[in-house]
Amino acid sequence: MPEAPSGAVADKYVTNFRDNGFTHIPNVLTAAEVARFRNAALDTIEREGVAAGMGMGVGRTGIVTTAQAYRKPGILRELARHPRVGAIAEQLSGISLRVFNGDAQIKPPGDETDTIWHDDLTFAPLRGRILLNAWIALVDVPVERGCMTFVPGSHRRPDPYRVPLSAARENPNSFLFTGWPQLSWSPRLTVPVRAGDATFHQWRVGHTAGPNRSAEARIAFITTYTDAETTYDPQPGLELPGLTAGARLSDDDYPRVAEFG
């Protein structure tokens with residue numbers, strides 16, 4: 001397996017990511033890149049935006065998202081395959097990665113719905129060492145615009161390793177704290193971000209995002225990376241077409257970060 005790139009960011013971010021399950025890295029994109037990708041996100045969502053959800057109707061909000069932008073030719077695919085973002089993800093995880101998904105999202109002003117407390121592993125039909133999200137802000141996202149809140153260290157919680165997807169479907173607003181009651185008493189950290197900043201979080205860390213009480217839309221791009229050796233582990237209602245259980249993800253559909261640039 002090829003060595004993951006190193007040196008993209010300072011070591012303190014790697015330590016934060018591994019100790020807390022997430023980290024906030026400023027200025028991942030330049031101002032010019034932010035403007036270009038934001039315009040592409042707005043244009044693409046206007047043409048083909050769909051309602052966002054986590055799977056099986058869980059966690060529906062007023063968020064509108066692109067549909068697998070990482071697979072389609074265009075500017076947003078460039079962002080999903082951004083060499084610097086990918087290099088940071090590999091440095092944080094310490095292993096070789098591939099892109100599993102990448103889409104822009106808009107949360108409109110006045111959307112009072114919180115994103116449910118969750119971990120991403122519950123909604124991932126994968127078996128591997130890690131899955132992580134790069135949540136890239138394409139506008140400033142202060143607290144009132146719905147920035148992310150995390151439970152630091154929650155990725156190290158004891159078994160069960162994951163709860164059934166059915167538990168999230170039956171109790172979307174409480175499954176995380178029902179499955180792991182000790183998290184109810186854990187400190188939380190809210191992370192406002194500037195346009196061009198990114199938060200990186202891994203799949204077992206508990207997190208949420210607040211309502212958008214501002215007068216402007218919250219616009220972000222989320223790239224999901226997974227272990228390059230990950231295999232398909234189907235969950236009821238979260239099947240991937242063309243794959244059989246235990247199969248590795250293909251390089252054509254899920255490109256390796258090592259191929260970017």
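## Strand S12 and its partners

In this predicted model, strands S7 and S12 run antiparallel and are joined by 7 bridges. Within this pairing, Asn133 has Thr224 of S12 as its bridge partner. S12 (residues 218-227) also pairs with strand S4 (residues 97-107), again in the antiparallel sense, over 10 bridges. Here Asn101 stands opposite Thr224, and Gly102 stands opposite Thr223. Thr224 is therefore placed opposite Asn101 and is also the bridge partner of Asn133, as strands of a sheet pair through backbone hydrogen bonds, either parallel or antiparallel.

How many of the residues of S12 are buried? The count is 10 of the 10, so the strand is largely enclosed by the rest of the structure.

## The sheet as a whole

The pairings of S12 belong to an open sheet of 7 strands in the order S1-S10-S7-S12-S4-S3-S2, with antiparallel pairing. Strand S1 (22-25) and strand S2 (50-51) form the edges, each pairing on one side only.

Helix H1 (residues 11-20) lies across S1, strand S7 (131-137) and strand S10 (198-202). The direction of H1 is at about 150 degrees to that of S1.

## Helix H4

Helix H4 (residues 83-93) has 9 of its 11 residues buried, so the helix is largely enclosed by the rest of the structure. The buried residues are Val85, Gly86, Ala87, Ile88, Ala89, Glu90, Gln91, Leu92 and Ser93; among them are the polar residues Glu90, Gln91 and Ser93.

What covers the buried residues of H4? The cover includes helix H1 together with the strands S1, S4, S7, S10 and S12. After H4 comes Gly94, with a positive phi near 80 degrees.

## Aromatic pairs

A pair of aromatic rings is described by the distance of the centres and the angle of the planes. The model contains 4 aromatic pairs, including that of Phe22 with Phe150. The centres of these two rings are 4.2 Å apart and their planes are at 10 degrees; an angle under 30 degrees counts as stacked, so the pair is classed in that way. Phe22 belongs to strand S1 and Phe150 to strand S8 (residues 148-150), so the pair ties together parts that are 128 residues apart in sequence. Both Phe22 and Phe150 are buried.

In the pair of Phe123 and Phe175, the ring centres are 6.1 Å apart and the planes are at 85 degrees, so the arrangement is edge-to-face. Phe123 lies in the loop between strand S5 (115-118) and strand S6 (126-127), whereas Phe175 lies in helix H6 (residues 175-179), so this pair ties together parts that are 52 residues apart in sequence. Phe123 is buried, with a relative accessible area of 12%, and Phe175 is likewise buried, at 3% relative accessibility.

## Arginines over tryptophan rings

Two arginine side chains are placed over tryptophan faces. Arg157 lies over the face of Trp180, at 3.9 Å from the ring centre. Arg188 lies over the face of Trp117, at 5.0 Å from the ring centre.

## Thr230

Thr230 is located in the loop between S12 and strand S13 (231-232). Is this residue buried or exposed? Its relative accessibility is 0%, and residues under 20% count as buried, so Thr230 is buried.

The side chain of Thr230 makes a polar contact of 2.8 Å with that of Thr226. A polar atom of the Thr230 side chain also lies 3.0 Å from the backbone oxygen of Asp227. Not counting residues up to four places away in sequence, Thr230 touches Leu126, Arg127, Gly128, Ile130, Ala247, Arg248 and Leu249.

## Asp197

Asp197 is found in the loop between strand S9 (189-191) and S10. With 5% relative accessibility, Asp197 counts as buried. Which side chain is joined to that of Asp197 by a polar contact of 3.0 Å? The partner is His24.

His24 is also one of the residues in contact with Asp197 when neighbours within four places in sequence are left aside. Asp197 and Gly62, by comparison, are 135 residues apart in sequence, and their C-alpha atoms are 23 Å apart in space.

Key
Residues are numbered from 1 along each chain as its sequence is written. This is a predicted model: local features need pLDDT of at least 70, side-chain atom pairs count only at pLDDT 80 or more; totals for chains, interfaces and linings use all residues. Side-chain values use heavy atoms; hydrogens and water are left out. Two strands pair if DSSP finds at least two bridges between them. Helices (H or I, at least four residues) and strands (E, at least two) are DSSP runs, numbered from the N terminus. Contact means heavy atoms within 4.5 Å. Axes are lines fitted to C-alpha atoms, for helices over the stretch in contact, and angles run from 0 to 180 degrees between N-to-C directions. Rings of Phe, Tyr and Trp (its six-membered ring) pair if their centres lie within 6.5 Å; planes under 30 degrees apart count as stacked, over 60 as edge-to-face and the rest as tilted. Buried means under 20% relative accessible area, exposed over 50%, partly exposed in between (1.4 Å probe, protein chains only). A charge sits over a ring if NZ of Lys or CZ of Arg is within 6 Å of the ring centre and within 35 degrees of the ring normal. A polar contact is a pair of N or O atoms within 3.5 Å; within protein, one must be able to donate a hydrogen and the other to accept it, and residues adjacent in sequence count only if both atoms are side-chain atoms.
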